[in-house]
Amino acid sequence: MSHITYIYILIAALTVYAIRALPLTLIQKEITNVFIRSFLYYVPYVTLAVMAFPAIITATSTPISGIIAFAVAVVSAWISGNLFIVAALSCVAVYVTELIVV
């Protein structure tokens, strides 16, 4: 590896360390602001959604089957809330859509 690669790795490590260590050292008391608390509460969910949504669309043979499976998952989760039912219906939606489209 060249020297520039080591510099990139060092910068990445320092950035990750700073993101994790600075809030622990700078914020000493409990956060009481309602807006900031609600913002921090939803950050993990939004991050997961942002990472998962493109994978849902591109994991199938055609993007349309991924979009239909996503719609089926949202509706079935809204109605039942059962994770097994949501996953099973999404898989069936992809299978049926790819039978029709492809």
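Four aromatic pairs are counted in this predicted model, where the rings of Phe, Tyr and Trp (its six-membered ring) pair if their centres lie within 6.5 Å, and planes under 30 degrees apart count as stacked, over 60 as edge-to-face and the rest as tilted. Because the model is predicted, local features need pLDDT of at least 70 and side-chain atom pairs count only at pLDDT 80 or more, while totals for chains, interfaces and linings use all residues. Residues are numbered from 1 along each chain as its sequence is written, and side-chain values use heavy atoms, with hydrogens and water left out.

**Aromatic pairs**

- The ring centres of Tyr 41 and Tyr 42 lie 4.9 Å apart with the planes at 85°, so this pair is edge-to-face.
- Tyr 42 has a relative accessible area of 49% and is therefore partly exposed, given that buried means under 20% relative accessible area, exposed over 50% and partly exposed in between (1.4 Å probe, protein chains only).
- Phe 53 and Phe 70 also form an edge-to-face pair, because their ring centres are 5.1 Å apart and their planes stand at 80°.
- This pair links distant parts of the chain, with Phe 53 in helix H2 and Phe 70 in helix H3, 17 residues apart.
- Phe 53 counts as partly exposed at 39% relative accessibility, and Phe 70 counts as partly exposed at 32%.
- One aromatic cluster is formed by Tyr 41, Tyr 42 and Tyr 45.

**Helices H2 and H3**

- The axes of helix H2 (residues 34-58) and helix H3 (residues 63-79) come within 6 Å and cross at roughly 125°, where axes are lines fitted to C-alpha atoms, for helices over the stretch in contact, and angles run from 0 to 180 degrees between N-to-C directions.
- H2 and H3 are therefore oblique to each other, since angles under 35 degrees count as roughly parallel, over 145 as roughly antiparallel, 65 to 115 as roughly perpendicular and the rest as oblique.
- Phe 53, Ile 56 and Ile 57 in H2 meet Pro 63, Gly 66, Ile 67 and Phe 70 in H3, with contact meaning heavy atoms within 4.5 Å.

**The whole chain**

- The protein chain has four helices and zero strands, which are DSSP runs numbered from the N terminus (helices H or I, at least four residues; strands E, at least two).
- Of the 102 residues of the protein chain, 15% count as buried.
- Along the principal axes, the C-alpha atoms of the protein chain fill a box of roughly 55 × 45 × 20 Å.
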